Amino acid sequence: MTTINYFFRHEVAEKVREEGRDEARAEEQAKVILRTLDWRGIELSEADRERVRSCGDLDRLAVRLDRCYEVTDAAGLFDGDGDGA
């Protein structure tokens with residue numbers, strides 16, 4: 001008996017699917033960062049909040065996630081980013 005594969009598998013489709021996963025991961029990390037800072041009482045401007053939300057770089061978000069537990073102000077969250085994203 002043959003197995004039927006109902007899932008569409010194509011190189012382009014896989015790439016799009018992976019990009020969607022990365023985007024979802026980035027959104028979730030941004031939410032955790034913002035929620036942690038809110039819980040800690042660290043105030044962020046709307047511009048800083050948007051800067052966190054709009055970041056799609058998972059590595060940069062991971063650094064910010066680590067920092068959000070130690071910083072005392074918003075500037076500390078973005079130290080060393082360089083390009084302002």
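1. The model is a predicted one. Of its 85 residues, 28% count as buried.

2. Secondary structure consists of four helices and zero strands. Read from the N terminus, the order of elements is α-α-α-α. Among contacts between residues at least 6 apart in sequence, 55% join residues at least 24 apart.

3. The largest nonpolar core has 16 residues, and those touching the most other members are Ile33, Leu37, Leu44, Val52, Leu61, Cys68 and Leu77. Two or more residues each come from helix H1 (11–40), H3 and helix H4 (74–78). H1 gives the most to this core, with five residues.

4. Helix H2 covers residues 46–54, and its buried residues are Asp48, Arg49 and Val52. Seen down the axis of H2, these fall within an arc of 100 degrees, so they line one face of the helix. The face turned away from that buried side carries Glu46, Ala47 and Ser54, which are exposed. The general rule behind such a pattern is that an α-helix has 3.6 residues a turn, so residues three or four places apart point the same way.

5. Arg49 deserves a separate remark. The side chain of Arg49 makes a polar contact with the side chain of Asp38, at 2.5 Å. Leaving aside neighbours within four places in sequence, Arg49 is in contact with Asp38, Leu34 and Leu44. Leu44 is also one of the core residues listed under point 3.

6. In H3, the buried residues are Arg60, Leu61, Arg64 and Leu65. Their directions, seen down the helix axis, fall within an arc of 140 degrees, so they line one face of H3. On the other side of H3, Asp59 and Asp66 are exposed. At the start of this helix, a side-chain oxygen of Asp57 reaches to within 3.0 Å of the backbone nitrogen of Asp59.

7. Leu58 lies in helix H3, which spans residues 58–67. Not counting residues up to four places away in sequence, Leu58 touches Asp22, Arg25, Ala26 and Gln29. Leu58 and Glu23 are 35 residues apart in sequence, while their C-alpha atoms are 8.8 Å apart in space.

8. Leu61 is on the buried face of H3 and belongs to the largest nonpolar core. Which residues does Leu61 contact, leaving aside neighbours within four places in sequence? They are Ala26, Gln29, Ile33, Val52 and Cys55. Of these, Ile33 and Val52 are named with Leu61 among the core members that touch the most others.

9. On the cysteines, Cys55 is buried, with a relative accessible area of 6%. Cys68 is also buried, at 0%, and is listed among the core residues that touch the most other members. A disulfide is a covalent bond between the sulfur atoms of two cysteines. With a cut-off of 2.5 Å between cysteine sulfur atoms, the count comes to zero disulfides.

How values were computed: Residues are numbered from 1 along each chain as its sequence is written. This is a predicted model: local features need pLDDT of at least 70, side-chain atom pairs count only at pLDDT 80 or more; totals for chains, interfaces and linings use all residues. Side-chain values use heavy atoms; hydrogens and water are left out. Buried means under 20% relative accessible area, exposed over 50%, partly exposed in between (1.4 Å probe, protein chains only). Contact means heavy atoms within 4.5 Å. A nonpolar core is a set of buried Ala, Val, Leu, Ile, Met, Phe, Trp, Tyr and Cys residues joined through side-chain atoms within 4.5 Å. The arc is that of the directions from the helix axis to the C-beta atoms. A polar contact is a pair of N or O atoms within 3.5 Å; within protein, one must be able to donate a hydrogen and the other to accept it, and residues adjacent in sequence count only if both atoms are side-chain atoms.
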